[in-house]
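Here is my note on the model, in numbered points. Keep the structure open beside the text and look up each residue as it comes.

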Amino acid sequence: VQSGGDGRYAFALSPGSVTVTASAYAFENASASTGVVANGDQTLNLALRRLPSGNLSGVVRNTSGGALAGADVEVIGTPHRAQSDATGTYAISGIPEGTYTVRVARPGAATTTASVSVSRGKTTQRDFALGSAALYDDLEADRGWTPSGGSAFSGAWTRAVPVQKVDCDLGTEFQPGVDRTPDPGTSCFVTSNLTFPCFTFLGAVIGTSTLTSPAHPLAGIPDPRIGYWFWYVNAIPRVPSVNPFLVRLSNDGGATWVTAKTVLTSTYRWAYDEVRVKDFFPSPGNVLVQFVVQNVFQAVDATPEAAVDDITVYSGSGSGLLAPGLASASPAFSVSAPRPSPTRGATEIELSLNRETHVRADVFDLHGRLVTTALNRTVPSGQTVLRWDGKTRTGGSVSSGVYWMALRAGEWERKIRLVVVR
């Protein structure tokens with residue numbers, strides 16, 4: 001269970017001796033044991049000690065030395081993030097000591113990452129220099145995007161100035177009231193941009209709404225990455241992972257599509273993500289991007305909302321992406337090829353972590369539907385063998401075909417292609 005705002009927790013357990021462990025980001029774990037008595041109540045308080053921390057600050061510039069405002073600076077795998085101001089300056093405090101991957105992204109610029117060490121009680125200074133993007137669409141003008149599915153009332157994608165939507169009861173922002181593009185930008189693509197006094201199911205996607213890009217010519221880019229900002233809220237109270245936000249790619253004019261990203265968790269903010277195109281197409285040409293929002297249940301309490309802005313294409317292997325003297329990022333984890341491949345049943349993947357991390361491994365079919373969750377727990381640093389038995393969530397064997405495993409460690413993600421032959 002998760003503790004409430006007052007720190008309290010409660011659950012029912014079978015009688016006997018139990019050990020309870022509490023964990024929270026930036027704190028040491030705490031454990032205690034007690035005896036559970038039938039029809040009785042026990043109180044077990046746990047005190048978590050905050051980990052030693054430090055700060056991170058610096059300046060984001062372009063490669064000519066000019067300050068860049070509005071750049072997102074994220075400490076990957078943590079909740080720590082900041083945005084650079086008009087002078088390009090950013091500051092993040094309270095980061096537990098350790099070595100992290102920091103990612104800096106800005107609309108219209110090439111995203112960059114670096115490995116940064118944070119020491120207790122000290123402020124680490126780290127500047128970043130961002131190169132220019134190869135392609136950039138701020139969605140301020142119609143450049144050939146194609147919405148399909150839904151209606152203005154039921155969740156169609158619309159290029160517009162977004163209308164803010166908030167929860168009727170809690171006041172939580174479900175849809176942004178501003179786009180992501182730095183000023184003077186105002187427009188983005190958003191689902192169901194109707195005005196309501198507060199958020200209800202009336203603004204929800206019904207069925208499936210799809211937004212397809214114009215072709216992006218990627219053949220001349222050495223290692224094309226497609227970056228984008230998105231806002232996604234899946235507000236089903238008790239079933240948080242059935243209405244996915246999908247990102248699909250096509251390298252053949254839309255004849256076939258592959259699901260590159262499946263988002264199951266609400267962002268409640270503009271969040272950056274990207275796709276490494278060569279993970280899916282060894283020789284990318286004119287690549288189409290598709291953003292899909294689905295409402296599986298079509299129920300009054302199933303209310304996915306989405307927005308997309310600032311499509312940015314850059315070369316991940318290009319030069320000049322890091323400020324002079326900065327090391328490139330070390331990956332949060334590495335994975336081996338699946339074995340055996342193809343498989344008639346079970347398959348194994350060797351996972352290597354550089355620190356203890358919560359890892360989730362979801363298996364999807366080619367339509368982006370969740371088949372099963374093969375792993376969802378905290379994994380220690382070092383080598384771990386991850387095994388998928390070739391079965392669905394209900395225990396049945398999957399049919400022959402191609403599947404994708406999405407491995408997430410913190411905010412890092414890898415996609416692995418799995419082939420099943422029966």
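What share of the contacts in the chain with a separation of 6 or more comes from residues 24 or more positions apart? The share is 66%. A contact here means heavy atoms within 4.5 Å.

1. **Ground rules.** This is a predicted model: local features need pLDDT of at least 70, side-chain atom pairs count only at pLDDT 80 or more, and totals for chains, interfaces and linings use all residues. Residues are numbered from 1 along each chain as its sequence is written, and side-chain values use heavy atoms, with hydrogens and water left out.

2. **The chain as a whole.** The chain has zero helices and 31 strands. Both are DSSP runs numbered from the N terminus: helices are H or I with at least four residues, strands are E with at least two. Of the 422 residues, 47% are buried. Buried means under 20% relative accessible area, exposed means over 50%, and partly exposed is in between (1.4 Å probe, protein chains only). The accessible surface of the chain is about 19,500 Å², and 50% of it belongs to carbon and sulfur atoms. Such areas come from the Shrake-Rupley method with a 1.4 Å probe; for residues, only the protein chains shown count as cover.

3. **A four-stranded sheet.** Find the open sheet with the order β5-β4-β7-β8. Its pairing is antiparallel. Two strands pair if DSSP finds at least two bridges between them. The edges are β5 (81-83) and β8 (112-118), each pairing on one side only. From one strand to the next, the twist averages 20°. For such angles, axes are lines fitted to C-alpha atoms, for helices over the stretch in contact, and angles run from 0 to 180 degrees between N-to-C directions.

4. **Pairs within that sheet.** Strand β4 (residues 72-75) is joined to β5 by three bridges. Here Glu 74 stands opposite Arg 81. Between β7 (residues 98-105) and β8 there are seven bridges. Val 102 has Ala 114 in β8 as its bridge partner. β7 and β8 form a hairpin, with six residues between them. In the turn, Gly 108 has a positive phi of about 85°.

5. **Two faces of β8.** In a regular strand the side chains alternate between the two faces of the sheet. Which side chains of β8 are buried? Thr 112, Ala 114, Val 116 and Val 118 are buried and point to one face.

6. Most residues other than glycine have a negative phi, and most peptide bonds are trans. Check two cis bonds. One runs from Asp 183 to Pro 184, with omega near 15°. Pro 184 lies in the loop between β15 (173-175) and β16 (188-191). Another runs from Arg 339 to Pro 340, with omega near -5°. Pro 340 is in the loop between β25 (333-335) and β26 (347-353). Next, look at phi. Ser 192 has a positive phi near 50°. Asp 310, in strand β24 (residues 305-315), has a positive phi of about 55°. Ser 192 counts as buried because its relative accessibility is 0%. Asp 310 is buried too, with 0% relative accessibility.

7. **Around Tyr 228.** Tyr 228 sits in strand β19 (residues 224-233). Is Tyr 228 buried or exposed? Its relative accessibility is 0%, so Tyr 228 counts as buried. Leaving out residues up to four places away in sequence, Tyr 228 touches several others, including Val 247, Lys 261, Phe 291 and Asp 310. Asp 273 is also touched. Tyr 228 and Asp 273 are 45 residues apart in sequence, yet 5.8 Å apart in space, C-alpha to C-alpha.

8. **Salt bridges.** A salt bridge is a side-chain nitrogen of Lys or Arg within 4 Å of a carboxyl oxygen of Asp or Glu. The count is 16. One network links Asp 223, Arg 225, Glu 274, Arg 276 and Asp 279. In it, the closest N and O atoms of Arg 276 and Asp 223 are 3.2 Å apart. Arg 276 lies in strand β22 (residues 271-276) and Asp 223 in the loop between β18 (216-217) and β19, so the pair ties together parts 53 residues apart in sequence. Asp 279 also meets Arg 276 in a salt bridge (2.8 Å, N to O).
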